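User: Please walk me through this structure. I would like to begin with the strands and then change topic as we go.

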There are 2 protein chains.
Amino acid sequence: MLRGSNLPRLADYNQAVVLDLIRRDPGQSRADLQRTSGLASQTISNITRRLIDAEMIREQQPSDSARGRPSIPLVANGNGAFAVGVHVDPARLTIVLLDVAGEVRRGVQLRTPQGSEPGALTSLIAVTTGRLIREAGIDRDRVLGLGIAAPGPLDVHEGVVLAPPQLPHWRDVRLRSDLRDATGMPVLLDKDVTASATAELRTSADSDFLFIYLGSGVGAAVVAGGQVLRGASNNVGEIGDILVDPSAEELGWSGRRGGLAAACVPEALAIQAAQAGLLPLPDLDDYLAIDDACTELSRLASVGDATAADILERAARRVAVGIGVLVNFIDVPRVVLGGPTWNRLSAAFLPVLDDAVRSELIAPRDPFSVEGSVVGEQVAAQGAAELVMDQFLAPRASALVMA
Amino acid sequence: MLRGSNLPRLADYNQAVVLDLIRRDPGQSRADLQRTSGLASQTISNITRRLIDAEMIREQQPSDSARGRPSIPLVANGNGAFAVGVHVDPARLTIVLLDVAGEVRRGVQLRTPQGSEPGALTSLIAVTTGRLIREAGIDRDRVLGLGIAAPGPLDVHEGVVLAPPQLPHWRDVRLRSDLRDATGMPVLLDKDVTASATAELRTSADSDFLFIYLGSGVGAAVVAGGQVLRGASNNVGEIGDILVDPSAEELGWSGRRGGLAAACVPEALAIQAAQAGLLPLPDLDDYLAIDDACTELSRLASVGDATAADILERAARRVAVGIGVLVNFIDVPRVVLGGPTWNRLSAAFLPVLDDAVRSELIAPRDPFSVEGSVVGEQVAAQGAAELVMDQFLAPRASALVMA
């Protein structure tokens with residue numbers, strides 16, 4: 001699958017182990033790597049030389065050492081490899097170009113083409129990807145592939161978006177093969193929540209948390225012991241139907257009355273704002289119009305509109321009930337919220353969530369925290385690119401032979 | 001911690017790997033072990049000889065082989081090591097003696113001593129454990145320790161039962177040190193749901209499922225990729241507060257109205273049966289009386305009482321909503337129900353659950369199944385004993401050095 005002729009033989013297990021250690025914990029010396037990998041000194045020496053020759057890692061200036069020969073920190077070479085990450089939310093399309101050192105080189109957020117045909121979407125992704133790579137001035141042969149984060153349920157093995165509750169027009173969309181054809185790159189498809197949790201894990205280095213994704217829909221992912229739980233069918237995190245308010249108002253939509261989706265997704269918030277006479281009801285088949293209504297509701301709350309603030313505070317209290325269900329079940333000390341809708345809700349949600357979630361918890365939790373993502377709005381796209389890096393660069397446990 | 005003088009040095013990592021492989025998949029030959037462990041032929045030969053000498057494994061008769069030297073199947077030696085498993089449910093106390101080959105040698109179910117002082121309970125456990133070991137005629141020096149499965153929340157590291165919602169009399173009970181003092185054995189404490197899922201995993205060899213525990217309380221555990229998820233504070237599975245019926249009746253008890261505990265725990269079912277005029281209301285401070293009421297409700301349903309059958313069918317439909325929440329979130333293809341209350345509910349629940357849970361699912365699932373535990377009523381006690389075996393016999397990943 002690798003196309004660059006000067007890339008090292010990455011199938012080599014020990015080499016993948018060393019590269020992975022350097023990616024996960026940059027700045028290790030050869031002696032550090034010997035300790036953390038358990039490999040022999042000569043092996044580390046050979047592997048790091050090959051990785052440097054292949055421009056996958058590089059040496060940094062050693063820090064001053066009081067005595068003896070200073071040890072040389074090794075870091076991933078940002079120009080060694082790249083991956084494209086694409087997040088397809090029904091309203092917002094995010095595309096990033098990530099380098100192997102974990103830096104986002106280029107990123108763009110666009111409005112997602114509406115309609116039931118994915119042709120316009122795949123063309124836009126292909127054209128934009130080409131433009132980002134050209135603008136970054138990088139070697140296209142060093143782009144490993146493209147990862148797509150999309151709402152579930154998905155068939156990850158077939159690369160198909162099945163039937164997302166928030167995407168009634170989308171049924172069995174073969175997004176992976178369409179994008180492979182449109183870009184000529186290897187493509188993988190994964191869930192928005194799985195990709196988001198992957199990016200958060202890499203950036204925050206926290207090993208146990210619940211990720212709550214807020215986009216056009218709502219979802220969740222679990223990171224336990226430093227591992228993102230994918231679910232047996234890669235469809236972890238469908239939480240929209242969790243009952244959070246038995247006395248919730250009727251919205252006249254397809255979601256479950258009193259459910260978590262009805263509490264907080266942009267469509268439900270737009271309906272609630274319209275029911276309160278605050279905003280005109282947008283066209284509910286138009287995710288862009290719904291997204292704009294959510295933005296306007298958030299703006300009104302931020303400038304002191306009491307009705308808007310009440311709607312969002314109520315939403316936060318309902319979301320807290322749902323988060324309580326998940327924390328009680330899965331037992332995590334930390335909750336992280338993110339996704340394309342989060343930035344518009346965080347100002348209203350954060351002052352409410354911590355106490356409101358704590359009051360739902362059965363087991364005593366100290367420490368316990370509820371926070372916004374450290375990655376930012378592009379968390380799912382960045383995670384999709386990280387998944388591509390892992391696909392090509394990470395050691396496979398199945399290849400490990402004890403000796 | 002090991003007291004037997006003739007037990008092998010189990011801290012030896014490779015030896016622990018080999019014993020673990022034989023325990024998990026009995027009947028492997030030395031050549032099989034070489035393949036599955038990656039260890040050298042001579043190492044396997046030395047280790048298996050040591051394990052045979054220590055009576056931890058034994059050779060079985062080889063099956064007839066068409067050609068060449070028949071390979072000799074190796075299995076754990078049931079008389080090599082034992083563990084005691086204790087399950088403390090507020091109403092039922094289960095104690096088993098498990099051997100290293102996975103067979104329950106002795107088992108007993110008693111009524112749990114009521115009251116707020118754990119002294120009567122620890123005495124009963126110590127006396128009964130001593131009796132089971134004597135009756136089994138085994139060498140007490142080969143009993144590795146005693147595992148307790150108890151309702152959460154727990155402090156597993158300190159061995160303390162904190163404040164279970166279904167055990168208002170129990171606050172900060174130091175069950176582990178009390179039992180260590182009473183039995184003289186090494187003791188570990190873990191959650192009832194974690195122990196149950198461990199036993200189910202070992203017995204069924206299924207690698208991805210949700211375990212729903214029904215005892216005096218209700219709980220859940222997750223097995224993902226062959227691993228039991230413990231949760232960051234070892235308190236996974238507090239699911240009693242999940243809303244399952246927004247229009248549920250008021251029970252006048254401490255649990256959440258419309259919640260999963262209110263739908264299915266014996267106390268809630270006893271109240272529902274009393275509200276329907278079916279049974280007198282038991283003393284709600286007496287878990288034995290509550291347990292008896294649940295037994296009578298189940299008996300009435302089984303002999304055709306329509307009111308009793310309606311109560312249990314309604315309970316099953318509510319439980320299905322809760323299971324749907326968990327399956328949608330955690331993405332498993334199989335749900336297993338068990339615990340001390342399950343046998344009394346299964347006849348009414350099983351005909352309802354499969355379809356009712358499926359109607360809650362967002363992602364398409366095929367295959368998908370909802371079944372009773374293959375282990376039986378002693379599942380949590382057996383799991384507690386398995387956890388003791390693992391504590392002493394399983395290889396520790398932290399000791400692994402790649403070479």
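Analyst: Two terms come first. Two strands pair if DSSP finds at least two bridges between them. Helices (H or I, at least four residues) and strands (E, at least two) are DSSP runs, numbered from the N terminus. The model is a predicted one, in which local features need pLDDT of at least 70 and side-chain atom pairs count only at pLDDT 80 or more, while totals for chains, interfaces and linings use all residues. Residues are numbered from 1 along each chain as its sequence is written, and chains are lettered from A and ligands numbered from 1 in the order in which they are written.

User: Which residue is the bridge partner of A:Ala150 in β9(A)?

Analyst: The partner is A:Lys191. Strand β6 (residues 143–150) of chain A runs parallel to β9(A), and five bridges join the two.

User: What is the strand order in the open sheet that includes β6 and β9 of chain A?

Analyst: The order is β5-β4-β3-β6-β9, five strands with mixed pairing. β5 (104–111) and β9 (187–191) of chain A are at the edges with a single partner strand each, so one side of each has no neighbour in the sheet. On average, neighbouring strands of this sheet are turned by 15 degrees against each other, direction ignored.

User: Which strands does helix α6 of chain A touch?

Analyst: Helix α6 (residues 192–204) packs on the sheet and touches β3 (82–88), β6 and β9 of chain A, its direction making about 95 degrees with that of β9(A). Contact requires the C-beta atoms of two residues, placed from the backbone, to lie within 7 Å. Axes are lines fitted to C-alpha atoms, for helices over the stretch in contact, and angles run from 0 to 180 degrees between N-to-C directions.

User: And β9 of chain B: how many of its residues are buried?

Analyst: Five of the five residues of β9 (187–191) of chain B are buried. Buried means that 20 or more other C-beta atoms lie within 10 Å of the residue's own, with C-beta atoms placed from the backbone; 12 or fewer is exposed, and in between is partly exposed. β9(B) pairs with β6 (residues 143–150) of chain B in the parallel sense over five bridges, and B:Leu188 is the bridge partner of B:Gly147.

User: Back to chain A. Which strands are at the edges of the sheet with β12 and β14?

Analyst: That open sheet has five strands in the order β12-β11-β10-β13-β14 of chain A, with mixed pairing. β12 (227–228) and β14 (369–372) of chain A are the edge strands, each with a single partner, so one side of each is left without a neighbour in the sheet. Strand β13 (residues 334–338) of chain A runs parallel to β14(A) through four bridges, and A:Val335 stands opposite A:Val370. Helix α11 (residues 342–358) of chain A lies across β10 (209–214), β13 and β14, at about 175 degrees to β14(A).

User: Change of topic: how many residues of chain A are in contact with chain B?

Analyst: 38 residues of chain A are in contact with 39 of chain B. On the chain A side, β11 (218–224) and α10 (306–330) each supply at least two residues, and α10(A) gives the most, with five.

User: How many helices and strands does chain A have?

Analyst: Chain A has 12 helices and 14 strands. Buried residues make up 51% of its 403 residues, and its C-alpha atoms fill a box of roughly 70 × 50 × 40 Å along the principal axes.
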